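Subject: The structure, and what turned up in it

Hello,

Here is the structure I promised to pass on. Have a look at it first, and then read on for my notes.

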Amino acid sequence: MTAASATPATPTHRVSGALTAADGPVAAALRSALSDDRVRTTATELGLYRRDASNIEGSAGVVCFPTSTDEVRAAVRIAVDHGMPFVARGSGTGLAGGATPLGGALVITLTKMNRILSVDPVNRLAWVEPGVLNLDLTRAVAAHGLHFAPDPSSQQSCSIGGNLANNSGGPHCLADGVTSAHVLAAEVVMPDGDVVVLGSEGGEPDGYDLRGAFVGSEGMCGIATRICVRLTQNPPDVRTMLFDFDTVDEGAQTVSAIIAAGMVPAALEMMDQLCVQAVEAYIHAGLPTDAAALLLVEVAGPVHGVADELERIVAIAREHRCRSVRVAQDEAERALIWKGRKTAFGAVARIKPNYYLHDTVVPRRALPDVLRQVYEIAERHGILVMNVFHAGDGNLHPLLVFDKREPGVLERVHAAGEEIVRVSVAAGGVLSGEHGIGLEKRDLMPLMFAPADLAAQAALRAAFDTTGLANPTKVLPSPASCGDSHEVPEGAWI
Amino acid sequence: MDLTAFAAEVGTDDPVTIAGLGTRDGAVAGVRCVSAPSGIEWIQADEMTVSCGAGTPVDELSAALAEVGQRTVLPAGGTVGGALAVGRSGIRRLGDGAVRDVLLQTHYVGADGVVVKAGGPTVKNVSGFDVCRLLVGSQGTIGFLGDVILRTRPIAPHSAWFTAATDDPMAVFAAVHRPVAVLWDGISVHVLLEGHHLDVAEQATRTGLVASDGPPTLPGGRHAVRPADVLAVTSGLRPGAFVAELGMGIVRADADAIPPTPVDPGVAAISRRVKEGFDPTGRLNPGRTA
């Protein structure tokens, strides 16, 4: 997610106090194993790494910047030898507190491991280091007619290691699948210091699918140091269209009807009225600001299939009383339409200075009903809500916008957010579609999972991390909080 | 689906094995055998999801899904649970994705006889650790699948096999756009194309492919190699005696045609801990390994 000029509000609470690790034995050992300038312990520098792009603040004990697998292994070993938790960090764009260090942990920052190691354009795969930025890989392989399919809104700044850790999504994952479907193998520094390759270039070795279990494990199963990704052929033809509707229901019904008709467009994105108004004021793309909902549909592939689907989708939208149809006439217009979608989060700054972005998934058929409840919840708490979301896979992104200087507003945002998660799960949905659990939703896991289900997840994690020091206390609630009460860490808003 | 009876049948103490139709190895010999519940719970075409008992035959599921113009990526034959437990994709993996990505949610019975839920019901979900990925391909060694929710895909409007005799199969592989399968048997390349009939016809003509009846007969053994090594690995095999899935690194040939890739000790250690964590007494499918 790109924050642009709006910034997440920063709470005043710390999750817990820092150890005094600065220039202690851990820092000294790291300076010796890496280099002086790639180990940081000053208060200013540690402060920069005390949280990711979420609102949850922790405390870093030491920050280091390895440049190789051997250095990552050395850093992990030093942390484990000193009983110090360690947290892998990419670009820090995560929204669930997954990379927030707790209790003075060692932050292992992978931004300097940003080389594309090899590209095999024939078999369409590449080996990259974890710090390679998502969009940089796509740009690097464009000359081969290929791209990396997962495309989070933050793709200009998020790293592929971070995509792997969070099993990230993006608008084009509707047709092509999320990150897990595009990661074939990963070299991983295990918490015990072993280096193993999980998965294979062929993607289907015998044995347990440890690669599949590792993807999305939020830094709690080890640190990926080299990643083999599948590359996807660019489509020969792409058409992007916009429909606008008088009601959100009609837009949502159009989405369901397109899928039920046997089409899986490359993207199906929706924005509600408040969001359209904010975006239009920001980019002046000629969007209809009086519409209740705007639906962006993109079809991609060989020309005849694209032309046929375009025609059928327009007919379906008209059957659902769309008010107007706009089909991008050239690449510039297509880029403008997508700019509107991908800068929606930045556009909110024109309305209020702060926002809190949610991420839940509901069955497509439940979209109209859940959206109604989201509006009702926000109204009851006196919070403004804008919706911009991946309608095709039911992935909601309610954006609560507010001014943190208003007294009591944080509590209301917190309460509204939790209610939104609850109504999503109650409607047959899930806690998170692409941002992950981290700290943000850790204590809401019991909404979806019984103690036995959580125990199985804990067993998976324990098989990878025998030390318990890889990004501990994330994702899984402590057994004591598995009951009815949800203990949310200080500073976490859900 | 009520799995109380199935969980009771799996029990808590003695060694136990599971079989569907016995298509893919079936039960472990000499061990008490159970079967998962069968039957389709629901099909939600507009969600692209289906829920069924793991004992449901794949072909029964496919027939029911075909009525709404959809299908899953599970290879034909046997039961849904068997196909997932083995976790091997069919020859359509290039276009369809892997069997490993089809399982969205399951209730399985663990070694302690307790019903456990893994995953979630929606096509997009990153809520917690992905136990579903561990179950697919686990050969029933960490839990017995009871019911499942699977992701479905639309059946393409047009689907056709093509072939061409060539000694440069990678040139064909490079020239076709997102084919469903490209197979090479040392003599000819066999390509499955799907989509709009005009696109399929134009691609075939442009690439010099001619219509064929279907894929070649697949030899029994299945070997996983690096995709980049496929031509080198198969150069030592008699043309016609193997079928390689280009881009996927799967070579089907006699079971002893290609030496197996040794398992990395580090990977073996993690796998051992997975087994110990989920089935500490080793009672599920004893003797079998994933």
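Let me begin with one term: a salt bridge here is a side-chain nitrogen of Lys or Arg within 4 Å of a carboxyl oxygen of Asp or Glu. An example to find on your screen joins Asp46(B) and Arg365(A), whose side chains meet at 2.8 Å, N to O. Please keep in mind that the model is predicted.

How many salt bridges does the rule find across the interface of chain A and chain B? There are 10, and 30 residue pairs are in polar contact across that interface, both residues being at pLDDT 80 or more. On the side of chain A that touches chain B, several elements each supply at least two residues, including helix H6 (173-176), strand S10 (195-199), helix H8 (248-260) and helix H10 (303-319). H15(A) gives the most to that side, with 9 residues.

In total, the contact takes 86 residues from chain A and 72 residues from chain B. The two chains bury about 6,200 Å² between them, and carbon and sulfur atoms give 56% of that area.

Now for the rings. Over all chains, the structure holds 2 aromatic pairs. One of them is Tyr49(A) with Phe65(A), an edge-to-face pair at 5.9 Å centre to centre with 80 degrees between the planes. Tyr49(A) lies in the loop between helix H2 (43-48) and strand S3 (60-64) of chain A, and Phe65(A) in the loop between S3 and helix H3 (69-81), so the pair ties together parts that are 16 residues apart in sequence. Are these two residues, Tyr49(A) and Phe65(A), buried or exposed? Both are buried.

Phe214(A) and Phe464(A) also pair; their ring centres are 6.4 Å apart and their planes at 40 degrees, so this pair is tilted. It links distant parts of the chain, with Phe214(A) in helix H7 (residues 210-214) and Phe464(A) in helix H15 (residues 451-464), 250 residues apart. Phe214(A) and Phe464(A) are buried as well.

Finally, two charges sit over rings. Lys112(A) lies over the face of Phe65(A), at 5.5 Å from the ring centre. The charged end of Arg226(A) is over the ring of Trp127(A), 4.6 Å from its centre.

Enjoy exploring it!

Best wishes

How values were computed
Residues are numbered from 1 along each chain as its sequence is written. Chains are lettered from A and ligands numbered from 1 in the order in which they are written. This is a predicted model: local features need pLDDT of at least 70, side-chain atom pairs count only at pLDDT 80 or more; totals for chains, interfaces and linings use all residues. Side-chain values use heavy atoms; hydrogens and water are left out. Rings of Phe, Tyr and Trp (its six-membered ring) pair if their centres lie within 6.5 Å; planes under 30 degrees apart count as stacked, over 60 as edge-to-face and the rest as tilted. Helices (H or I, at least four residues) and strands (E, at least two) are DSSP runs, numbered from the N terminus. Buried means under 20% relative accessible area, exposed over 50%, partly exposed in between (1.4 Å probe, protein chains only). A charge sits over a ring if NZ of Lys or CZ of Arg is within 6 Å of the ring centre and within 35 degrees of the ring normal. Contact means heavy atoms within 4.5 Å. Buried area is the accessible area (1.4 Å probe) that two parts lose on being put together, summed over both. A polar contact is a pair of N or O atoms within 3.5 Å; within protein, one must be able to donate a hydrogen and the other to accept it, and residues adjacent in sequence count only if both atoms are side-chain atoms.
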